[in-house]
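Here is a quick tour for anyone meeting this protein for the first time. Have a look at the structure below, and then we'll walk through a few spots together.

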Amino acid sequence: MSLILSRLSKLRLGKSRRSTLPLLLSNGFYSSLRKTFLGKLVRYNINDKTTIELEKKVRAELVYNDLFGTVVTIGASNGWVATLNGRDGVLRLQDDLNPYASYTDPRRIPLPPLVTLPRCQTQIVTNVSMSSSSPDDDEDCVVAVKFLGPQLSFCRPAHSRYEWVNIRIDNPCFFSSRVVFSKKEGMFRILGAGGHLMGSWDPQNHKHKIQRLRFKNIPDLTKTSNELMDSCCTYEHLVESVTTGETFIVKQYKKTSEIDKGVAKMKTENLMVFKLDDEGHAVHTRDIGGLVIFLSMSEPFCVPASSFPDLFPNSVESMDSCETGFVDLADYYVVTTISPNAAPYFIPPQNID
């Protein structure tokens with residue numbers, strides 16, 4: 001069995017270690033003592049395409065939700081995965097899939113029982129976002145959970161009185177959107193469907209603002225390209241560069257390539273990047289400099305290619321449950337592979353002791 005989970009790593013003093021993405025969970029075996037199915041974690045180096053099998057073992061239920069059905073992995077942020085237990089309904093943060101976390105003593109942080117607002121639901125989660133990578137000892141770390149529908153919930157796991165703060169979002173354009181944390185602004189942000197509105201929520205006082213976005217410099221496309229993109233589903237991603245302070249909106253156009261056992265497998269046909277300024281102008285660009293953008297079921301992020309040898313600058317790497325893709329922005333060169341990914345989560349660089 002295999003799981004593809006991705007990760008980049010950095011040394012604590014700011015120098016870069018060779019990038020190691022993705023991670024592969026393989027060589028599964030059954031443990032009669034633990035009464036659980038386990039697998040070894042394998043680190044994959046994207047630079048030279050080599051793998052290193054680690055001694056660390058993790059529970060297979062973290063990635064094979066459809067086989068076990070008890071624990072569902074609902075997202076990943078800052079090196080942690082978030083799971084929802086079907087038996088007790090408890091949302092937990094876990095570092096089991098982090099190869100630099102403890103092999104023998106994985107951290108698992110249970111969060112308070114979820115509270116459902118009137119006319120909302122808390123069974124289907126859009127994604128999870130965190131303001132830092134230390135939810136266990138940083139009292140200022142905020143976990144945000146975006147549910148399908150109007151509800152957005154915040155929690156401080158390390159706070160002495162941690163509890164959920166629940167917010168109802170009135171505008172339906174945000175109901176199916178994902179939440180991301182902006183380190184630049186210190187706020188959680190959500191793009192509305194279509195990308196024309198952006199909501200920002202302050203985790204300190206929970207005040208929010210809505211900003212209208214205006215797309216500019218949209219390229220002229222051929223009739224064939226327009227017809228193709230009109231037939232696609234559009235996914236909007238909000239991405240912030242920690243190194244340059246820039247913010248980007250990525251529009252990803254995907255179309256059904258095949259239907260396997262009743263499940264549609266989507267393929268990326270095109271992708272556009274817009275640079276967003278403080279006034280809400282989203283200007284189309286084919287040049288993001290030396291950055292590489294990573295899109296997955298985790299929070300999107302970008303890194304300078306120069307910090308990780310052999311990464312391609314001015315490009316986008318993407319991964320979801322059935323596709324792995326690469327886009328060269330300069331000439332819109334798109335390469336995709338249709339294959340199952342049990343855990344399609346890129347994990348951004350972290351400080352490693």
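Which residues does V143 touch, not counting residues up to four places away in sequence? They are L93, L111, V128, S129, M130, S153, F154, C155, P157 and W164, where contact means heavy atoms within 4.5 Å.

Before going on, a word on what you're looking at. This is a predicted model, where local features need pLDDT of at least 70 and side-chain atom pairs count only at pLDDT 80 or more, while totals for chains, interfaces and linings use all residues. Residues are numbered from 1 along each chain as its sequence is written, and side-chain values use heavy atoms, with hydrogens and water left out.

**The core and its sheet**

V143 also belongs to the largest nonpolar core, which has 18 residues. Such a core is a set of buried Ala, Val, Leu, Ile, Met, Phe, Trp, Tyr and Cys residues joined through side-chain atoms within 4.5 Å. I74, L91, L93, L111, V128, V143 and V145 touch the most other members. Strand 7, strand 8, strand 10 and strand 11 each give two or more residues to this core. As a general background, nonpolar side chains in soluble globular proteins tend to be buried together.

Strands here are DSSP runs of E with at least two residues, and helices are runs of H or I with at least four, numbered from the N terminus. Two strands pair if DSSP finds at least two bridges between them. Four strands make an open sheet in the order 10-11-12-13, paired antiparallel. Strand 10 (125-130) and strand 13 (165-168) are at the edges with a single partner strand each, so one side of each has no neighbour in the sheet. Inside the sheet, strand 11 (residues 143-147) pairs with strand 12 (residues 151-155) over four bridges in the antiparallel sense, and V145 sits opposite S153.

**A well-covered strand**

Is strand 7 (residues 80-85) largely enclosed or left open, and why? Six of its six residues are buried, so strand 7 is largely enclosed by the rest of the structure. Buried means under 20% relative accessible area, exposed means over 50%, and partly exposed is in between (1.4 Å probe, protein chains only). W80, A82 and L84 cover one side, with V81, T83 and N85 on the other, and all are buried. Strand 7 runs antiparallel to strand 8 (residues 91-94), joined by four bridges, and T83 stands opposite R92. The two strands form a hairpin with five residues between them, and G89 in the turn has a positive phi of about 70 degrees.

Most residues other than glycine have a negative phi.

| Residue | Phi | Relative accessible area |
|---|---|---|
| N217 | near 60 degrees | 55%, exposed |
| N314 | about 55 degrees | 10%, buried |

N217 is found in the loop between strand 18 (214-216) and helix 2 (223-230). N314 lies in the loop between strand 24 (301-304) and strand 25 (315-319).

**Two lysines**

K254 lies in strand 20 (residues 247-260) and counts as buried, at 5% relative accessibility. Its side chain makes a polar contact with the side chain of D320 at 2.2 Å. A polar contact is a pair of N or O atoms within 3.5 Å; within protein, one must be able to donate a hydrogen and the other to accept it, and residues adjacent in sequence count only if both atoms are side-chain atoms.

K209, in strand 17 (residues 208-212), is partly exposed at 47% relative accessible area. Not counting residues up to four places away in sequence, K209 touches M198, G199 and S200.
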